[in-house]
Amino acid sequence: MSQGASQSRVKFADQYNAWLRHHRLSAADSLFRVLDNLVSSVLTWLVIGIALALPVALDVALDNAGELSAGWDSPSQISLFLADDIQAEAARQLATELEAREDVASVRFVSREDALAEFSELSGFADVLASLEENPLPNLLLVSPAGDLGGAGAGGLRAQLGAMPQVAEAVLDMAWLQRLNSLMELSRRMVMAIGALLVLGVVLILGNTIRLAIEARRDEIVIVKLVGGSNPFVRRPFLYTGLWYGVGGGFFAGLLVTLALWFLQQPVSRLAALYESEFELAGLGLMGFLNLLVLGGLLGLAGAWLAVSRHLAKIEPR
């Protein structure tokens, strides 16, 4: 009994070593075959890389846009247009009272004279405004809500401040932020849809490539099956071929995205400097690049498995 158990363990170990040896040989042989046809392999890698790079580049662009607009997620300032009979001294006193509130971070007073001067400078109608007999603009308080207030809290604060007798109108313009968030969400869904279609295209491209490789080695497959080779034994080299094509396509995709970001970095930095911003484009990073390699490899295995499962069973010795 003990001798039989020992023989079983040795037999299993031999089978495992043979299985592992065949994996190594299949991986090395398939890689050699891919590199042996370097021109066609590079073209295949480029096609896969371009298909993967497009949704990845769009996703990176959306991430950068989200980072740029991160500071806009807090509630906007509430503009309090004071009544015409509220003079500058009373407006400053009201600003001091509002700053004492817990739901108010800061208050800035803009006199009607300063508002008219700023409007004249920005609008370019300085001569027209100078001809007015009186200043039509009211005194203004710019109220910044506390940081822990959300959009609903800022809306409630606007309603409270707008009900004060000194305030003629309170304005909280959140519509632009809501439109921006909706546009970002729509863009992300579009990127997901485009990415899903392109991923499907990559799988089909790889499947067709592996199908051609199967047809080119039809006689070899028939001979292997004649001498007793199993379907997993025959399938293994083609799966590794799909893996190498997928990993190479992922590498080219990461390279294309990195080159595109490098090409755009300088003009983006100049544009940010004009707005006195330190914003810089964020790239894939090491983990993003590795994730592309893994994704490409998985897609390569999926495409190879699809092709092998459909075409390998049709090749049988006669």
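T241 is located in helix α9, which spans residues 231–274; helices (H or I, at least four residues) and strands (E, at least two) are DSSP runs numbered from the N terminus. The structure is a predicted model, in which local features need pLDDT of at least 70 and side-chain atom pairs count only at pLDDT 80 or more, whereas totals for chains, interfaces and linings use all residues. Residues are numbered from 1 along each chain as its sequence is written, and side-chain values use heavy atoms, with hydrogens and water left out.

The protein chain contains 10 helices and four strands, arranged along the sequence as α-α-β-α-β-α-α-β-α-β-α-α-α-α. Of its 318 residues, 35% count as buried (under 20% relative accessible area, with exposed over 50% and partly exposed in between; 1.4 Å probe, protein chains only).

UniProt, in an unreviewed entry, places the feature "transmembrane region" at residues 34–58, 190–210, 243–264 and 284–308; its positions are given in the numbering used here, feature names are shortened, and annotations may be inferred rather than shown by experiment. In the model, residues 34–58 are 96% helix and 0% strand, with end C-alpha atoms 30 Å apart. Residues 243–264 are 100% helix and 0% strand, and their end C-alpha atoms lie 32 Å apart.

T241 counts as buried because its relative accessibility is 9%. Neighbours within four places in sequence aside, T241 is in contact with S30, V34 and I210. W45, in helix α2, is likewise classed as buried, since its relative accessible area is 11%. The C-alpha atoms of W45 and G249 are separated by 4.3 Å, although the two residues are 204 residues apart along the chain. Beyond four places in sequence, W45 contacts V34, L35, W244, Y245, G248, G249 and F252. H22 belongs to helix α1 (residues 2–36) and is buried, with a relative accessible area of 14%. When residues up to four places away in sequence are not counted, H22 touches F233 and R236. Between H22 and R236, 214 residues apart along the chain, the C-alpha separation is 8.6 Å.

Helix α9 also packs against helix α10 (residues 285–311), at an angle of about 145° and with axes 6 Å apart; axes are lines fitted to C-alpha atoms, for helices over the stretch in contact, and angles run from 0 to 180 degrees between N-to-C directions. By residue class, this contact comprises 14 nonpolar, eight polar and one charged residues (Ala, Val, Leu, Ile, Met, Phe, Trp, Tyr, Cys and Pro count as nonpolar, Asp, Glu, Lys and Arg as charged, and the others, Gly among them, as polar).

A nonpolar core is a set of buried Ala, Val, Leu, Ile, Met, Phe, Trp, Tyr and Cys residues joined through side-chain atoms within 4.5 Å. The largest has 30 residues, of which V202, I210, I214, I221 and F238 touch the most other members. At least two residues of this core come from each of α2 (38–68), α7 (175–216), α9 and α10; α9 contributes the most, with eight. I210 contacts F238, T241, G242, Y245, A304, A307 and V308, neighbours within four places in sequence being left aside. Apart from this core lies another, of 21 residues, including A95, L141, M164 and L172.

Notes: Contact = heavy atoms within 4.5 Å.
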